[in-house]
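Subject: Structure handover

Hello,

Here is the structure we talked about. Please load it first, then read the notes below.

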Amino acid sequence: MQLSKVILRSFRTFHYDFRRKLNCTEEQFENLQNAWEDETEYSHWRPCVEIPIQHPITCIVGLNETGKSHLIDAIWRACKRKQTKVEDVCRYAEECKFGKVGRPLIGLRWAMLSQGFVSVANSQIGLEDTEQNEASVEDTEESTEPNESGEESEYLSNDTSDTGFGDEATILWDGRSSFTLYAPNTDGIEIGSGGFDRLNKHLPKPFQVRSNVNLPSTVSLKTLIRAALYHSSQEVIQEALPRLAEQDLFANEAELNEHPLNNDEQLVYRLLRSCEEIDVETLVEMAQYSDQMLREFSAQITVRIEEELNLAHWWGQDIDTKLRVELRNDEVSLSITDRTNHWYGLSERSRGMKFFLGYILQIIIELNEHTRPVLFLSDEPDFALSAVGQRDLLRFFRKVVDDPRDDGTCQIVFTTHSFELIDPNFPDRIAILRKGQFDEGTSVVDKAAHRMFEPVRSALGGRGGFLPFIDGPNLIVEGYGDQVFIMRMSQYFARKKANHLDLAALTIVIADGALRVPRIVLAAREIHGDRAYLTVLLDNDEYGNQIASEIKKTDPYLDEHDQVISVFDVMATGENKDSEIEDLIPPGLYLEAMKKYLTEAAPDFSQDKLPSLEELSHAVKTEPMSKVLKEIVVNECPEFKHGYEKGVVIDVVFDLFEGTFDNEDEKKGFLEHLTKLTDALLDRVNENLRHKRHQEIRRTMSRLAKTFVQTNPIESSKTFAMELLDQLRDLGNRVSVAGEFDKAVDKVASDFRLNDGLKTDLIEDYDEFKRIANELPQRLTVNPNLELM
């Protein structure tokens, strides 16, 4: 089952949908569009604000005070039946204006209904609800709930055609104990709190991923036992108490509950339980383990955690990051190693690192434990993370929802103020909230605007930059139209699950004209430390060809690795003429897009002045297509000279290509161009990523060799030399062709007879060894088959 819509009215900043009410016709007013939008004394048909939720990920964006956090809280409250209070009522709602004490309406629409849900829903129709629950529920944050039944439902089945219930349903809640179930084209069915509880067992389990939950450096054994009992049944607690008292751990149940557990401590226990199935019995026995047994148990758990967590893969800022668990008789300690090859306690790590680790652990553990689909909710997970860390987190989100071990029911809804957490591959996964003037409250920006990122930029208050994102691959293009083309092309292939540029990992840098490209290339060259890896896409015209020659001299890497591409290079056919990226579009498709664009942008323009398809096809043999059409439009409509946006025309091109355009030959030709351009760019971006990875390894190897020489300036034993070679071998094998770097290292060991004689023997011809050790990192070649993250 999947959450597909949130329906709100009079909840905090959400008042009602003013646009729909103001734009409704008399007939619409008489025939209310939705059964839950009743005309009451104080409503006068106030349509609810409806926020679409996409599966599997929805990113909620908007400025401060637009209601993003309120939306997450509304979903949580409705799922957990956490009662609303008077202060949750929208301050400018009619109920408040007239001094009435009311409650907000919160509705959740579920799609892809399971057989279990439909069966229970049908059984509730017409039955009297005998379970009453009018008790007030405190509005406090809940920790992970113990003793949950975890009852499985048949949520893999989506075939509900034989039930008559349909494949979606809405549950509306009044914030107290009144629940109403709406099926398509039916009146609401009052099910009450008891009926909701029975349905809720078949709904996805909501889980709030909290930003303030981090792994501590140490946790006492007594605390872990308390956490284990907290997650156990009363029967297990009673059975364990005598043994706990016998070992002077806890005298009685009162002492057991004396100190409340915090979420950090519970996270440690849940991690151990998830990876090694540690329970109360195991923890009690640990107090009696010998030091040797504890070391072996610690190593076993650390390996299991590494297999389950794979932290180095997700924390892209350091490929050597690992988490270690050390068990002692009275406590458990946790530490992290990184590229420094030293272990640090969690308290010594950065705030961002601790947040990232705690964040992904909450999700991984919940997925390991879940017996129902999980609905993950998170408010601003960009907290404390750098731009690189945010990209890592987005990669993690995508892996979670695409994990083959999952059944496809996991769903993530989160808010953000960061561009890095917005997946540009799937713009339909974005919901933009805005806050109107006076009493309008929060509304949703029309979905049609999601395709372009200007609404998102406005919603977040961000400004674009012209310098490369140094850490990742960068694609330099001449103008905004090129960026729109690349983005729409990549989004199209991403939805088709075909090879595509990952827009979340790639930075498209707009040079604002070919003449500005050399400046960007030069800036990337002059950056200290990591070089910025660039791929440059230029038009095939006088300026483009001139700039291509210039930047290849500025940065020989671009020339050596064919990182400068001309648009003409990826055209399937055509004469060697001036070409822009629009010339990859078939003339008929471009002409249709231009007509549609002009209908809205220049309604006074007479489209009879546009060339016929035959005339356009002939003209573009010698001139760029965009130039041909722009000249015609500007000649007929001079005031339109600076209003012509070819990026918008390109956007319309893709709308038509994916929609109503029916010329199959032109569609096929366009698809061939898109495929060829995508493959060309992917080859070059992957080449850059491989070189970046090798450069990082080479730099680390060089540092190790120089440190060795500084530490041993005069002489060195064979033992220390072999330790250096082993370190270099381990690093080199991460990125080299299998066995290739081993041969180089083995030859050095053989030439200097490091395996002969005693390990304490000094190396003969030590000056030559130092020279070769410093040169060894340069023998590392680029592996063309290196697997990229």
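A helix crossing is left-handed if the near helix is turned anticlockwise from the far one by less than a right angle, and right-handed if clockwise. Helices (H or I, at least four residues) and strands (E, at least two) are DSSP runs, numbered from the N terminus.

This is a predicted model: local features need pLDDT of at least 70, side-chain atom pairs count only at pLDDT 80 or more, and totals for chains, interfaces and linings use all residues. Residues are numbered from 1 along each chain as its sequence is written, and side-chain values use heavy atoms, with hydrogens and water left out.

**Helices α10 and α14**

α10 passes α14 in a left-handed crossing. α10 covers residues 263-276 and α14 covers residues 351-369. Their axes are 10 Å apart, and the packing angle is about 45 degrees. Axes here are lines fitted to C-alpha atoms, for helices over the stretch in contact, and angles run from 0 to 180 degrees between N-to-C directions. Angles under 35 degrees count as roughly parallel, over 145 as roughly antiparallel, 65 to 115 as roughly perpendicular and the rest as oblique. α10 and α14 are therefore oblique to each other.

Contact means heavy atoms within 4.5 Å. On the α10 side, L267, R270, L271, R273 and S274 take part. They meet G358, L361, Q362, I365, E366, N368 and E369 in α14. The residues of this contact divide into 4 nonpolar, 4 polar and 4 charged.

Four strands form an open sheet in the order β18-β17-β19-β20, with parallel pairing. Two strands pair if DSSP finds at least two bridges between them. β18 (507-510) and β20 (564-566) stand at the edges with a single partner strand each, so one side of each has no neighbour in the sheet. The twist averages 25 degrees from one strand to the next.

β17 (residues 474-477) pairs with β18 over 4 bridges. There, N474 stands opposite T507. Helix α17 (residues 480-495) packs on the sheet and touches β17, β18 and β19 (534-538). The direction of α17 makes about 160 degrees with that of β18.

**α17 and α24**

The axes of α17 and α24 (residues 646-657) come within 8 Å and cross at roughly 20 degrees. That makes α17 roughly parallel to α24. The crossing is right-handed. Y480, V484, F485 and Y492 are among the α17 residues in this contact. The α24 residues there include I650, F654 and F657. The contact divides into 8 nonpolar, 2 polar and 3 charged residues.

**Salt bridges**

A salt bridge is a side-chain nitrogen of Lys or Arg within 4 Å of a carboxyl oxygen of Asp or Glu. The count comes to 43. One of them joins E658 to R495, with the closest N and O atoms 2.4 Å apart. E658 sits in the loop between α24 and α25 (664-711), while R495 is in helix α17, 163 residues apart.

**The antiparallel sheet**

This open sheet has 6 strands in the order β2-β1-β4-β5-β6-β7, with antiparallel pairing. β2 (49-52) and β7 (189-190) are at the edges. β1 (residues 2-9) and β4 (residues 105-111) pair over 7 bridges. K5 has R109 in β4 as its bridge partner. Helix α3 (residues 68-80) lies across β1, β2, β4 and β5 (168-173), at about 80 degrees to β4.

Best wishes

Conventions. Ala, Val, Leu, Ile, Met, Phe, Trp, Tyr, Cys and Pro count as nonpolar, Asp, Glu, Lys and Arg as charged, and the others, Gly among them, as polar.
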